[in-house]
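The sequence and the structure are shown below for reference.

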Amino acid sequence: MAATGGYAQSEEQKALEARKEQLEGEIREINRLLLGQREQKGRVLDQMEALDQKINRHQQLIRITNQQSNLLNRQINTTIRNISKLREDLEDLKDDYARMIRKSYANRSKQHRLLFLLSSTSWYQAFKRMQYMKQYTQFRARQGREIQAKTEELALLNQDLTRQRKEKELLISQNRRVRDQLLS
């Protein structure tokens, strides 16, 4: 579900970006026409109409950047939730791993392991105990790798969050610039 939501947001982001570029092109064209009309000392009504279109396009551009900003806010919030969940999972894994290491340390002597095997009542029980010790060691290694993988995933999510926040700041500054142009 999260992958689908990310894809939908990405498609929405692309559509908004395309509309934004179209509006910026229309604004440039209107500015070119206005400049041409001034040079030709064109009619005031044509100039007013062109200015009205320019204002309209600027307002649409502001709406588009606001929509992009809102979309980024949703993405940022999703990323923050994912980071929070991942941190909780990582803490649980680390706590479990630490408990396991402490127990393992308390029972670490070779004599203890040897006594554990020799105290078996049968060869089959000794074999099973040997398998248990081997599985326990493999589990510890797997849990260590899982902690490392979650730590790396957390670092990537933090990088993504930083990128999203920078993108949002850029949109906000673009929005301010368009508003200033509109007011001038």
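Which residues make up the largest nonpolar core? In this predicted model, that core is formed by I76, I83, L86, L90, L93, I147, L154, L157 and L161, nine residues in all. The points below set this core in the context of the whole protein.

**Overall fold**
- The protein contains four helices and zero strands.
- Along the sequence, the pattern reads α-α-α-α.
- Of the contacts with a separation of 6 or more, 82% are between residues 24 or more positions apart.

**Burial and surface**
- The protein has 184 residues, of which 25% are buried.
- The exposed surface comes to about 13,500 Å², and carbon and sulfur atoms supply 54% of that area.

- In soluble globular proteins, nonpolar side chains tend to be buried together.
- The largest nonpolar core, which includes I83 and L154, draws at least two residues from each of α2 (44–106) and α4 (123–183).
- Helix α2 provides the largest share of this core, with five residues.

**Surroundings of I76**
- I76 is a member of the largest nonpolar core.
- When neighbours within four places in sequence are left aside, I76 is in contact with L161, Q164, R165 and K168.
- One of these contact partners, L161, also belongs to the largest nonpolar core.

Note on methods:
Residues numbered from 1 in each chain as written. Predicted model: local features only at pLDDT ≥ 70, side-chain atom pairs only at ≥ 80, totals over all residues. Heavy atoms only, no water. Buried < 20%, exposed > 50% of the residue type's maximum accessible area, 1.4 Å probe, protein only. Contact = heavy atoms within 4.5 Å. Areas by Shrake-Rupley, 256 points an atom, 1.4 Å probe, with all protein chains shown as cover. Core = buried A, V, L, I, M, F, W, Y, C linked by side-chain atoms within 4.5 Å.
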